Amino acid sequence: MDMSPLAEGAFSKLLERATGQELVAGRRWRIETALGPVMKAQGFDTLDQLATRLGRIEEARLQQEVVEALLNHETSFFRDLAAFRSFADEVLPALAELRTDTKRLRIWSAGCSTGQEAYSLAIDFRKKPDRWQGWDIAIVATDVSPQAVSRAREGLYGQMEIQRGLPIGDMIGWFDAEGESWRAKPELRRSISFAVHNLMEPPPLGRFDIVLCRNVLLYFPMATRRAVLDRIAGAMAPDGLLFLGAGETVLGQSEAFEADRSLRGFYRLKGWQKA
Ligand SMILES: C[S@@+](CC[C@H](N)C(=O)[O-])C[C@H]1O[C@@H](n2cnc3c(N)ncnc32)[C@H](O)[C@@H]1O
């Protein structure tokens with residue numbers, strides 16, 4: 001598929017303006033694959049034609065469609081199982097100890113995609129009803145993509161999706177079969193507040209004890225990454241933890257965080273000292 005540098009520039013600029021995400025040169029093939037269906041649906045023969053139309057101010061809906069198509073929503077249940085294990089076995093018990101007075105925990109899944117990350121968290125809590133009896137646990141899950149958030153809220157997953165990372169026992173315990181698909185049980189869905197939110201804007205209100213921002217920072221240019229991390233830091237409780245994706249780090253990218261000494265993949269606000 002032909003695409004002029006001008007058109008490539010227009011798609012990159014649009015995505016970065018809307019989400020902060022950068023389309024690096026190595027991902028050019030992705031533009032072509034992702035935009036093929038939009039181009040076809042809109043009756044354009046070339047990506048250049050699509051890019052030209054995008055420039056018009058009245059094409060906000062088309063712009064949104066292109067942004068949606070260019071976002072990477074890759075996700076799965078309990079992604080990076082080792083980190084989820086240490087989350088359930090070490091992070092949560094340690095935090096619970098710090099919050100015995102209030103019995104209140106607030107967790108933010110930022111860049112939640114189609115919801116698998118948030119449902120994995122909710123399952124971790126629901127698996128230990130005695131442990132969390134009487135606790136007020138809020139899970140807020142957000143994404144810049146309205147389509148992803150609406151799918152997350154529906155909690156409906158096809159065979160391939162449900163099998164990615166979800167143990168069969170959890171699938172049967174926490175999802176109901178619906179035709180060929182599986183829908184998260186109402187109580188599981190009710191335990192998560194899904195909302196559209198752009199990490200380029202101020203964070204949701206309140207202080208979070210845990211923030212997951214996994215496999216989202218990857219495509220932000222360095223300055224944006226730093227700004228997003230600062231914004232997240234401002235939304236966290238002083239003793240809160242940031243949970244990144246496997247292979248991601250804040251080291252050298254943020255003045256606000258440092259790696260937790262004992263928990264791989266978890267970061268703390270700089271200067272926090274355990275009492
Ligand atoms: C690769 S997925 C990762 C999903 C999940 N966190 C995981 O690790 O499996 C990245 C998600 O970040 C979202 N995203 C990208 N830019 C964003 C922004 N500026 N604000 C909020 N979400 C964003 C994308 O829409 C996408 O759903």
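Which residue in E8 is the bridge partner of Leu-212? In this predicted model, the partner of Leu-212 is Phe-243. The strands concerned are E7, spanning residues 208–213, and E8, spanning residues 236–244, which run parallel and are joined by five bridges.

The pairing of E7 with E8 belongs to an open sheet of seven strands, whose order is E6-E2-E1-E7-E8-E10-E9 and whose pairing is mixed. Strand E6 (192–196) and strand E9 (257–259) each have a single partner strand and stand at the edges, so one side of each is left without a neighbour in the sheet. From one strand to the next, the twist averages 25°.

Helix H5, residues 81–98, lies across strand E1 (104–110), E7, E8 and strand E10 (266–269), and its direction runs at about 175° to E8. Helix H12, residues 222–234, also packs on the sheet, where it touches E1, E7, E8, E9 and E10, while its direction makes about 135° with that of E8.

The ligand remains to be considered. There are 24 residues around the ligand, and those that come nearest are Thr-75, Gly-111, Ser-113, Val-144 and Leu-199. When the shell is sorted by class, twelve of its residues are polar, seven are nonpolar and five are charged. Both domain 1 (5–70) and domain 2 (81–269) contribute to the shell around the ligand, with at least three residues drawn from each.

Notes:
Residues numbered from 1 in each chain as written. Predicted model: local features only at pLDDT ≥ 70, side-chain atom pairs only at ≥ 80, totals over all residues. Near = placed C-beta within 6 Å. Nonpolar A, V, L, I, M, F, W, Y, C, P; charged D, E, K, R; others polar. Domains from an automatic or database assignment. Pairing = 2+ DSSP bridges. Helix = DSSP H or I, 4+ residues; strand = E, 2+ residues; numbered from the N terminus. Axes fitted to C-alpha atoms, helices over the stretch in contact; angles between N-to-C directions. Contact = placed C-beta atoms within 7 Å.
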